[in-house]
Amino acid sequence: MKLRNRLSALAATTALLAGVGGTVGATTAQAASPCDRPAVTNNSSGYGYFLGDYRLKTAPAAECGTVVTVGSGTGFYAWCYVTNYYGNTWVYGRVEGTEIKGWESNDNLGWLSGSLNRC
């Protein structure tokens, strides 16, 4: 029994040192802040519009910087989405007729067509 415990401990230590067990204790050290900017990719074909006047954000949370204020009914081309720090869905994309890109809460968008895939 002692030998099995020692072998298990040795295997766990070896895996941790090799980086295989890197998730142990990583939650606190790697916790994202609300305004961290996740990597994005244009892998969706979603097209929608803003349901009201909203601020397009620099990162996927309401307290992050504002790129521009967008008016109700303005078209929006979705690139991809993430689940943010608070567990809400935010969409990265481009404002129709411009090269302006940023993040918007999925709750503030109406969808007309296409797909929406994770970033």
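**Reading the disulfides, strands and surface**

Reader: What is the torsion about the S-S bond of Cys-80 and Cys-119, and is the disulfide right-handed or left-handed?

Author: Keep in mind that this is a predicted model. The torsion about the S-S bond of Cys-80 and Cys-119 is about 85°, so that disulfide is right-handed. The S to S distance between Cys-80 and Cys-119 is 1.9 Å. The pair ties together distant parts of the chain, 39 residues apart: Cys-80 sits in strand 4 (residues 75-83), and Cys-119 lies in the segment after strand 7 (109-113).

Reader: Is Cys-80 buried or exposed? And how does Cys-119 count?

Author: Look at relative accessible area here: under 20% is buried, over 50% is exposed, and in between is partly exposed. Cys-80 has 0%, so Cys-80 is buried. Cys-119 has 30%, so Cys-119 counts as partly exposed.

Reader: How many disulfides does the structure hold?

Author: The structure holds 2 disulfides. The torsion is -110° about the S-S bond, and the link of Cys-35 and Cys-64 is left-handed. As for cover, Cys-35 is partly exposed at 33%, whereas Cys-64 is buried at 5%.

Reader: What is the pairing when the bonded cysteines are numbered in sequence order?

Author: For this protein, the pairing reads 1-2, 3-4.

Reader: Let's move to the strands. How many bridges join strand 4 to strand 5, and how do the two run?

Author: Bridges tell you which strands pair up. Strand 4 and strand 5 are joined by 7 bridges and run antiparallel. To find your place, look for Thr-83, which stands opposite Thr-89 in strand 5. The hairpin of strand 4 and strand 5 has 5 residues between the strands, and Gly-87 there takes a positive phi near 90°.

Reader: How many bridges join strand 5 to strand 6?

Author: There are 5 bridges, and strand 5 runs antiparallel to strand 6 (residues 101-105). Here Trp-90 stands opposite Ser-105 in strand 6. Strand 5 and strand 6 also form a hairpin, with 5 residues between them, and Gly-97 in the turn has a positive phi of about 80°.

Reader: How many residues of strand 5 are buried?

Author: Strand 5 (residues 89-95) is mostly covered, with 5 of its 7 residues buried.

Reader: Which residues form a nonpolar patch on the surface?

Author: For a patch, look at nonpolar side chains grouped on the outside. In this model, Tyr-49, Leu-51 and Leu-112 form one, with about 280 Å² of accessible area together. Tyr-49 belongs to strand 1, and with a relative accessible area of 30% Tyr-49 is partly exposed.

Reader: Where is the place of Ser-44, and which backbone atoms does its side chain reach?

Author: Ser-44 is in the loop between helix 2 and strand 1. Its relative accessibility is 12%, so Ser-44 counts as buried. The side chain of Ser-44 reaches the backbone oxygen of Trp-79 at 3.0 Å. The side chain of Ser-44 also reaches the backbone nitrogen of Asn-117, at 2.7 Å.

Note on methods. Residues are numbered from 1 along each chain as its sequence is written. This is a predicted model: local features need pLDDT of at least 70, side-chain atom pairs count only at pLDDT 80 or more; totals for chains, interfaces and linings use all residues. Side-chain values use heavy atoms; hydrogens and water are left out. A disulfide is a pair of cysteine sulfur atoms within 2.5 Å. Buried means under 20% relative accessible area, exposed over 50%, partly exposed in between (1.4 Å probe, protein chains only). Helices (H or I, at least four residues) and strands (E, at least two) are DSSP runs, numbered from the N terminus. Two strands pair if DSSP finds at least two bridges between them. Patches are made of residues with over 30% relative accessible area and no salt bridge: like charges are joined within 9 Å, nonpolar side chains (Val, Leu, Ile, Met, Phe, Trp, Tyr) within 5 Å. Accessible areas come from the Shrake-Rupley method with a 1.4 Å probe; for residues, only the protein chains shown count as cover. A salt bridge is a side-chain nitrogen of Lys or Arg within 4 Å of a carboxyl oxygen of Asp or Glu. A polar contact is a pair of N or O atoms within 3.5 Å; within protein, one must be able to donate a hydrogen and the other to accept it, and residues adjacent in sequence count only if both atoms are side-chain atoms.
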